[in-house]
Protein chains: 2
Amino acid sequence: MNSRAQDKAAGAGFCALADWGTSNFRLWLVDGNGNVLGKRQSDEGLLACADGRFANVLESHLSALGAAPDLPVVIAGMAGARTGWREAPYVETPASLDALYRQAVSPAGINRPVFILPGVCQRTTGPFDVMRGEETQLAGAVETGLSNGVFCLPGTHSKWVLLTDGRIAAFRTVMTGELFDLVSKQSILKHSIDQNQPFTADDPGFLGGVMEALADGFSLTAHLFSIRAAGLLGGDATSAAARLSGMLIGAEITGMKSFMPHNATVHLIGSSRLTALYGKALEIAGARSAVLDGDELVRKGLFAAAKALFLNSEKLK
Amino acid sequence: MNSRAQDKAAGAGFCALADWGTSNFRLWLVDGNGNVLGKRQSDEGLLACADGRFANVLESHLSALGAAPDLPVVIAGMAGARTGWREAPYVETPASLDALYRQAVSPAGINRPVFILPGVCQRTTGPFDVMRGEETQLAGAVETGLSNGVFCLPGTHSKWVLLTDGRIAAFRTVMTGELFDLVSKQSILKHSIDQNQPFTADDPGFLGGVMEALADGFSLTAHLFSIRAAGLLGGDATSAAARLSGMLIGAEITGMKSFMPHNATVHLIGSSRLTALYGKALEIAGARSAVLDGDELVRKGLFAAAKALFLNSEKLK
């Protein structure tokens, strides 16, 4: 540790870590071992800052945590998008996750060291694809010793990632969450779907939808309408929302078969609700799964970059 | 011909035929041979008549054609839906198309013989499904001698129908058109899709999308996002709208493989634009197609029902 880093670790923190997504902003003040000294969270994501408020938002939250004026900050996520604070160009697959910090960029208009980590893009290892933020969670997984495996991060745009020797070998974005929203709220199926009807991973409608989607010959566009028709014909008392969710998640798992070698454990990173649904669907598909803590992983990934930037590199000098 | 029918045929027409859909109303005045004596068309579909204007709309168009006050009318389509003029309960698959007239219903509140033909539903020959209107086009196909074959009626909700010995053996609704609209206009892909960019069946984007969807391992939800990523990465100069359309139509054809025995000709019924796109996609998939005139078919189907109702049955007495 150089003297500067030691000062931070002894005083009001070693550095700050931020996960700055499209809709959410999360900030942690950590000590030199990565222990959390303070935390902030708000809905000031990319969309709320697109008018150039990035520096102000960051400073206000740092100030609320009592961070020193020169405390360095490492940021992952959409703040590095073209429409964000400053573009951090994508690292291309196969992408080495312990080297994300090497392509970090520093935005202008702020009087402290700030580094935005790049996202990852895919041009040759599969269909064109991009991610921003998830790669830092995976860097965190590598920190915990998971350098190889299959990862699924369910959400509006689920990400599936193949990690090989600490690198993202290939990945895929699946629009499951967004399609669920569009189809359930805006297609003709909305007439058969009760938006307010909650369901769990054990709902017969969900289980049925997963099994339909896993069956040979399933085609999403050719099966969706049966949810509406079942409503009209009164032949299906199970939850239409649950069945739609099961169909879409089942279709996602079928579509990502090539990422799941025999006996692989799929590492799930996401909300407790989504990981429960995906865990059940994977079980039906005959795959094992294990849930990881996404909050912890993104912090570990950010902290690994911070250590590399602030302890081992010349960037701060 | 009984005397009543002869009067009609000799006077201002034998009967009137209406195709009354969700958004459109079409009416033909025909003679005893089915020849068209007059035609009306408007946007007074189900949605415009849901407040109970059905009788008024029908009478105003009949009056514009100079139809006699007791001229009988046969109607197909959404006018027979639960939310229509009067519900004409579905005939269940396998559904005999030359007997649609047997389950026709007559609405109240109008002083002339009016018959609404039923739709068709599927409970046991495949996933739950329903149609209203398309069955009458297929009845028209049977009239032209096409009693066996595969039919595809592309649209907002495409219908695929297996016709066996003049009966609908099984059918499927595929939400291709609606998904194209939702995904291109309201999902994240809208940022990469120029709504106003026209494309044809020969557009490289369309051909590429079809080929992607026909390839082994294709999964719609796992491939859609690559359209957005291609836009972000600047790696695809072809039309994103065309590629999306190709992907969705290709996925539809893959999903309906079970309806296409080896060497089958798919009979396409729809707009010239859609039948061109589907014809090209089917060609790429190695299937033959032939285009039929949907207007003519629905008229033939309605006229067959009219002859059965007004010449051979006791219903008018």
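The contact between the two chains takes 39 residues from chain B and 40 residues from chain A, where two residues are in contact if their C-beta atoms, placed from the backbone, lie within 7 Å. This is a predicted model, in which local features need pLDDT of at least 70 and side-chain atom pairs count only at pLDDT 80 or more, while totals for chains, interfaces and linings use all residues. Residues are numbered from 1 along each chain as its sequence is written, with chains lettered from A and ligands numbered from 1 in the order in which they are written.

Let's look at chain B's side. Helices (H or I, at least four residues) and strands (E, at least two) are DSSP runs, numbered from the N terminus. Each element below supplies at least two residues of the side that touches chain A.

| Element of chain B | Residues |
|---|---|
| Strand 9 | 129–131 |
| Strand 12 | 167–174 |
| Helix 5 | 176–186 |
| Helix 7 | 220–223 |
| Helix 8 | 225–233 |
| Helix 9 | 240–255 |

Helix 8 of chain B gives the largest share of this side, six residues.

How do the copies relate? A rotation of 180 degrees with 0.0 Å of shift along its axis superposes chain B on chain A, with RMSD 0.1 Å (by least squares on the C-alpha atoms of residues with pLDDT of at least 70 in both). The two copies are therefore related as by a two-fold rotation axis. In chain B, the C-alpha nearest the axis belongs to B:Leu182, 3.4 Å from it. The same surface serves both copies, as 100% of the contact residues of chain B recur in chain A.
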